[in-house]
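Student: I am new to this structure and would like to go through its aromatic rings. Please show it to me.

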Amino acid sequence: QLQLVESGGGLVQPGGSLRLSCAASGFTLDDYAIGWFRQAPGKEREGVSCISGGSGNTAYADSVKGRFTISRDSAKNTVYLQMNSLKPEDTAVYYCADSYLGCSGPWDYWGQGTQVTVSS
């Protein structure tokens, strides 16, 4: 059964860091694009970052460029999102999803999400 499981969320002060994990089972992450998305209360879901299958090209939303880094550990079949210099506006539920066709989607399977709260 194909499954994505996010972890690593929590409460952090502004300026702090968190690393989110997206662990896959039932398929090999290397073959798929993996995207990170987030949804804040009352707002639409937005794309945050993506890493393509194969070459591992990366892309970021303007709002997180220079602060977030996406990476992949093939041995662990896991994609990470390192989030630094966090701001209160980064508060959201973060989801990962996979796409066989690349970072433009469509997105096939979604994780359950992990809450990130940035607050003093």
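Student: Is Tyr-32 buried or exposed?
Tutor: The model is predicted, local features need pLDDT of at least 70, side-chain atom pairs count only at pLDDT 80 or more, and totals for chains, interfaces and linings use all residues. Residues are numbered from 1 along each chain as its sequence is written, and side-chain values use heavy atoms, without hydrogens and water. Buried means under 20% relative accessible area, exposed over 50% and partly exposed in between, with a 1.4 Å probe and protein chains only. Tyr-32 has 16% relative accessibility, so Tyr-32 counts as buried.

Student: How many aromatic pairs are there?
Tutor: Rings of Phe, Tyr and Trp (its six-membered ring) pair if their centres lie within 6.5 Å; planes under 30 degrees apart count as stacked, over 60 as edge-to-face and the rest as tilted. By this rule the count is four.

Student: What kind of pair do Tyr-32 and Tyr-100 form?
Tutor: Their ring centres are 5.2 Å apart. Their planes stand at 65°, so the pair is edge-to-face.

Student: Which residues form one aromatic cluster?
Tutor: Tyr-100 is exposed, at a relative accessible area of 56%. Tyr-100 belongs to a cluster whose members are Phe-27, Tyr-32 and Tyr-100.

Student: What kind of pair do Phe-37 and Trp-110 form?
Tutor: Phe-37 is buried at 11% relative accessibility, while Trp-110 is partly exposed at 29%. The ring centres of Phe-37 and Trp-110 are 4.8 Å apart and the planes are at 50°, so the pair is tilted.
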